Amino acid sequence: TLLSANEEAVEHFHRGLALLQTLPDTPERNQQELQLQLALAMSLTASQGYATPDVQQALGRARTLAGQMADAPQLGPVLFGLSRSYMVAGQHQPSRELAEQLLQLAESNQDSGLLLSAHYAMGLTQFYHAEFQQALNHSNQVIALYEPAQHPALALRLGQDPKTTHLGYASLDLWFLGYVDQARRHVEAAVS
């Protein structure tokens, strides 16, 4: 039933986007479209997977809209979503470039949730570039920064618990770096 709920949501988002096209091009209309494109991308991800062209199209349009706005708080989640989508699709260089943009944005805004998302994305992209020490550094940042009470919506938006995910990736980084005992401890912490 969850899959059918997401498929139904996709239909509703498409209808909403079609209705928005009938309105004049204003900043308010563009903000509404940006929110609908992000919601559409989340439902598409849940029903089709991270790397489908439909997800990339929705996030690409959201990125264009966010780029037209002076201050679009949605730019961070858009960059994260695109980075993850490209990573899962095996397009590691675009994924890395988007993660780097996200990290720059997070550092300039001093937003802890955005910074967490940026380290999350950087840790994954560097892992898949076999840059295990750098990936470990980013994973350790996620592990240190994540507080469920401080970031209540982050696990929902990311689709998984950031700390648990990066304990797992850190264990892989440590394993490839030759620190087997530390890798084992990270896995045990992730499981617990």
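1. Axes here are lines fitted to C-alpha atoms, for helices over the stretch in contact, and angles run from 0 to 180 degrees between N-to-C directions. Helices (H or I, at least four residues) are DSSP runs, numbered from the N terminus. On that basis, H6 and H9 pack at an angle of about 30°, and their axes are 11 Å apart. That makes H6 roughly parallel to H9 (roughly parallel is under 35 degrees, roughly antiparallel over 145, roughly perpendicular 65 to 115, and the rest oblique).

2. The model is predicted: local features need pLDDT of at least 70, side-chain atom pairs count only at pLDDT 80 or more, and totals for chains, interfaces and linings use all residues. Residues are numbered from 1 along each chain as its sequence is written, and side-chain values use heavy atoms, with hydrogens and water left out.

3. Back to H6 and H9. Their crossing is left-handed (the near helix is turned anticlockwise from the far one by less than a right angle; clockwise would be right-handed). Contact means heavy atoms within 4.5 Å. From H6, the residues involved are His119, Tyr120, Gly123, Leu124, Phe127 and Tyr128. They meet Pro162, Thr165, His166, Tyr169, Leu172, Asp173 and Phe176 in H9. By class, this contact has eight nonpolar, four polar and one charged residue (Ala, Val, Leu, Ile, Met, Phe, Trp, Tyr, Cys and Pro count as nonpolar, Asp, Glu, Lys and Arg as charged, and the others, Gly among them, as polar).

4. His119 is buried, at a relative accessible area of 9% (buried is under 20%, exposed over 50%, partly exposed in between, with a 1.4 Å probe and protein chains only). Leaving aside neighbours within four places in sequence, His119 is in contact with Leu103, His138, Gln141, Val142, Leu145 and His166.

5. H9 (residues 162-177) also packs on H7, at an angle of about 155° and with the axes 9 Å apart. The two helices are therefore roughly antiparallel to each other. Their crossing is left-handed. The H7 side includes Phe132, Leu136, Val142 and Ile143. The H9 side includes Pro162, His166, Leu167, Asp173 and Leu177. By class, the contact of H7 with H9 has 12 nonpolar, three polar and two charged residues.

6. H4 and H5 form another pair. The axes of H4 (residues 75-88) and H5 (residues 92-109) come within 8 Å and cross at roughly 160°. That makes H4 roughly antiparallel to H5. The crossing of H4 and H5 is left-handed. Among the H4 residues that meet H5 are Leu75, Leu79, Phe80, Tyr86 and Met87. Among their H5 counterparts are His92, Pro94, Leu98, Leu102 and Leu105. The contact of H4 with H5 has 11 nonpolar, five polar and no charged residues.

7. Next, the cores. A nonpolar core is a set of buried Ala, Val, Leu, Ile, Met, Phe, Trp, Tyr and Cys residues joined through side-chain atoms within 4.5 Å. The largest has 44 residues, and those with the most contacts inside it are Leu34, Leu40 and Leu102. Helices H1 (2-20), H2 (27-48), H3 (53-67), H4, H5, H6, H7 (132-145) and H8 (154-158) each supply at least two residues of this core. H6 gives the largest share, eight residues. In soluble globular proteins, nonpolar side chains tend to be buried together.

8. Leu34 is in contact with Ala62, Leu65, Ala66, Met69, Ala72, Gln74 and Val78, leaving aside neighbours within four places in sequence. A second, separate core of seven residues includes Leu136, Ile143, Leu167 and Ala190.

9. Not counting residues up to four places away in sequence, Glu33 touches Leu17, Leu20, Gln21, Arg61 and Leu65.

10. His12, found in helix H1, is partly exposed, with a relative accessible area of 42%. His12 and Ala89 are 77 residues apart in sequence and 26 Å apart in space, C-alpha to C-alpha. Gly159 lies in the loop between H8 and H9. Gly159 is exposed, with a relative accessible area of 55%. Gly159 and Ala46 are 113 residues apart in sequence, yet 9.2 Å apart in space, C-alpha to C-alpha.
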